[in-house]
Amino acid sequence: MYLPPHDPHVDDPMRFKPLFRIHLMERKCATVECMYGHKGPHNGHIQIVKKDEFSTKCNQTDHHRMSGGRQEEFRTWLREEWGRTLEDIFHEHMQELILMKFIYTSQYDNCLTYRRIYLPPSSPDDLIQPGLFKGTYGSHGLEIVMLSFHGKKAKGTKITGDPNIPAGQQTVEIDLAHPLQLPDIENLRDFSELSRIVLEVQEQVRREEQEREQRQEEEEHSQQAASQPASPLGGEGAEGEETAAGAEGTTQDKAPASQPFVLPRGVISRNEDYPRTCRICFYGTGLIAGHGFTSPERTPGVFVLFDDDRFGFIWLELKSFSLYSRIKVSFQNAQAPSREAFDEMLKNIQSLAT
């Protein structure tokens, strides 16, 4: 198991924790040992479910328990997973979220299912190299997000989740056709000024979507009314209009090489050690929900590209900032055989989450 570093140190390396091991014996036999817990290896079982999927089961779950009961297990888990003690955490809401995460994860420590994840394919036109990133999520701690590019959109998909947004959900979506011009550094400190800029772009995006839908309806009506196919002029005009807007939005070479950046006053960040310059910013949306993924909704925000290995997202409604840093572990045999296979995998993990 690859675990993120302790919150909020996103630039620290991932941590490694063995979960099971297989002893290959003679005559094509094998024994499986569960490595979970603190009492050493013990008897386990592996079952191949289907292609690219298998399950492990512990046959001696008493090895996962501690003599001091659940309280000792929770304190040990907190020290290992978060690098702190319960006394270090003064915020009552954060204590509640951490306890929920412990209860949730410890329910499934005896039976785990593994599914293959492909790394996102890359293209020369991508803003940065796609891949896996460690990100700060407020009181939830650090989580793993996969950044992938899909034409004029970039998507951040949760590989690990929390009690609000489970793994597999699209945590952020970046609209690469709508870059944001940030105000000067003094005005950027004013949250209301940044909010005004973002909401104006949100309204522009809404109008463009309405116009697109209206054009599609008009084209459908004209095709139904006419015995001959619709004139190609109408279609080309619509496409040309959209392409021009996209070309204007994705012209990144017009942006300065770097510009000063500071978080507006009132925006909360778990990590104050974020870069003070950025390359470019885009309008985006972030997914928020209540506990148990109740009432999910996409809310406006700002995607901030710092460099090839770090980006951030300002959650406008939450007045919160997430900082993401690239995972630099080399994963073997993790490339998708095709773009279609990667897209299918994204659909599958999202369907599992819902």
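Okay, one thing before we start: what we're looking at is a predicted model.

Let's begin with helix 2. That's residues 92–107, so 16 residues by the DSSP run. From the first C-alpha to the last, helix 2 reaches 23 Å, close to the 22 Å expected at 1.5 Å a residue. Now, which residues of helix 2 are buried? Those are Met-94, Leu-97, Ile-98, Phe-102 and Ser-106. If you look down the axis of helix 2, the buried residues fall within an arc of 155°, so they line one face of the helix. And what do they pack against? Helix 1, residues 69–82.

Next, Gln-259, which sits in strand 12, residues 259–260. Buried or exposed? Well, Gln-259 has a relative accessibility of 13%, and the cut-off for buried is under 20%, so Gln-259 counts as buried. As for who is around Gln-259, set aside the neighbours within four places in sequence, and the contacts are Leu-182, Arg-276, Thr-277, Cys-278 and Arg-279.

Last stop, the surface. Phe-16 belongs to strand 2, residues 15–16. Phe-16 has a relative accessible area of 60%, and exposed means over 50%, so Phe-16 is exposed.

Definitions and conventions:
Residues numbered from 1 in each chain as written. Predicted model: local features only at pLDDT ≥ 70, side-chain atom pairs only at ≥ 80, totals over all residues. Heavy atoms only, no water. Helix = DSSP H or I, 4+ residues; strand = E, 2+ residues; numbered from the N terminus. Buried < 20%, exposed > 50% of the residue type's maximum accessible area, 1.4 Å probe, protein only. Expected span 1.5 Å × (residues − 1). Arc of directions from axis to C-beta. Contact = heavy atoms within 4.5 Å.
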